[in-house]
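Subject: Structure handover and notes

Dear colleague,

Here is the structure I promised to pass on. My notes follow it; please read them with the coordinates open.

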Amino acid sequence: MATDARPTTPVPRFPDGFLWGVSTSAHQIEGAAGLRGPSVWDAFTAEPGRVRDGSTAAVACDHYHRYREDVALLAGLGVDAYRFSVSWPRVDSPGGLDFYDRLVDELCAAGVRPVPTLFHWDLPVGLDWLERDTAARFAEYVSVVAERLGDRVGKWITLNEPAEHTLLGHALGVHAPGRELLFDALPAAHHQLLAHGLAVRALRAAGATDVGIANSHGPTWPASDDPADREAADFYDLLLNRMFADPLLTGRYPEGVGELMPGSAEGVEADLEVIAEPLDWYGVNYYAPTRVGAPQGAEIEFGGVTLPAELPFSVRRIEGRPVTDFGWPVVPEGLTELLTGFRDRYGDRLPPVVITENGCSYEGLDDHDRIAYLDGHVRALHRAVEAGVDVRGYFVWSLLDNFEWAEGYARRFGLVHVDFETLRRTPKASYGWFRDLLAGQRRVPVG
Ligand code: FCB
């Protein structure tokens, strides 16, 4: 559904030092698949029927060869920082780390702070998050990257969205590695969290002082006041929000969850100490709230994902809201609700927050729907700041249209349009809008 809302009043000023940026990830933009080892995403996309349009990320935006042009786009936008991801299979390949060396140099020369994510779902083939050893292997790889880039990179992100990677990749099988384990996927969550904790230690050992994680979160709205709907919504909230944030911020799993994790009770307890290594900031990826009710005894199609009937909840449509081309509802105030809710839930244990992703998929170069979405969310974020939440940054997903996982190239999240035939980049109206917003934020107020 199109919206005509056009921002009229200027976005209020964010605190000094607020970090404005855009995000991407390696598998979604780099291409140059022949110059690195395969990841689980290469294996997954090679299976017929896994990706909606049958595409692969072998070329994607060809960012590997066109990174200079892309850094120039970042500089033109005027962002403070760029969140990208380092591909583990590329680092494991001869000369792979050289690419990130060049990229980081180019960013520094353009005055854009590099903010690498060390794992954004492209696990090397042969490794498996169901195996505990993968966490130790991750920490070794992180040390190698930190050793090489740490002289120019200050701000690090360990993992991207372990919740989605567990749910979509290991429980429901709609993302790589394509497993349909439902609740037997929980070890993949625990091992990613352990990998995070070990990575924080590895980064600290390499001298890092600015370390965070990017987790996907959203408010969960019960479908009604009916106790069965409330119970289902609480359970969903536990899966999406608490199962990942609680261990990181409080050193404990929510009640009943720790027992389901692999290893002895003492072993899980010891792991939790690693998982809860103090963070300098907490990254939140926010797209939309979820309305959840009691199970309905049937499969449900939701945002491109089919949810099996046996889950103890069902996802319901949020009515009366515009939706993006992906079918996700546009609910900016959900971001204020999420952040104030997190502050209330975690209190002093919540470190400063950075929004590490927020964005929407819409077609077209004259993307006023995207402008309305982003404008609404930036204002909602400001309301969270006014309500006392310590928010330090905001990153738009994404700089470029890219390979949107199981949706292939069918969903366009970029501020910059990419023609996937010619690989030509064309800034959209939203690129100009974001550039102007950033310029306005930097203008010194008169009087
Ligand atoms: C997030 C992912 C990111 C992108 C956006 C749309 O869940 O982290 O890679 O796919 O959704």
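Eight strands, paired in the parallel sense, close into a barrel in the order β1-β2-β3-β4-β5-β7-β12-β13. Strands here are DSSP E runs of at least two residues, helices are H or I runs of at least four, and both are numbered from the N terminus; two strands pair if DSSP finds at least two bridges between them. Neighbouring strands of this sheet are turned by 25° against each other on average, direction ignored. Axes are lines fitted to C-alpha atoms, for helices over the stretch in contact, and angles run from 0 to 180 degrees between N-to-C directions.

This is a predicted model: local features need pLDDT of at least 70, side-chain atom pairs count only at pLDDT 80 or more, and totals for chains, interfaces and linings use all residues. Residues are numbered from 1 along each chain as its sequence is written, and side-chain values use heavy atoms, with hydrogens and water left out.

Strand β1 (residues 19-23) pairs with β13 (residues 391-397) in the parallel sense over five bridges, with Val22 opposite Val396. β1 also runs parallel to β2 (residues 81-85), joined to it by three bridges; there the bridge partner of Gly21 is Ala81. Five of the five residues of β1 are buried, so the strand is largely enclosed by the rest of the structure. Buried means under 20% relative accessible area, exposed over 50% and partly exposed in between, with a 1.4 Å probe and protein chains only. Leu19, Gly21 and Ser23 point one way from β1, while Trp20 and Val22 point the other way.

Contact means heavy atoms within 4.5 Å.

α13 (residues 429-442) also meets α12 (residues 368-386): their axes come within 8 Å and cross at roughly 30°. His368, Arg370, Ile371, Leu374, Asp375 and Val378 in α12 meet Ala429, Ser430, Trp433 and Leu437 in α13.

Regards
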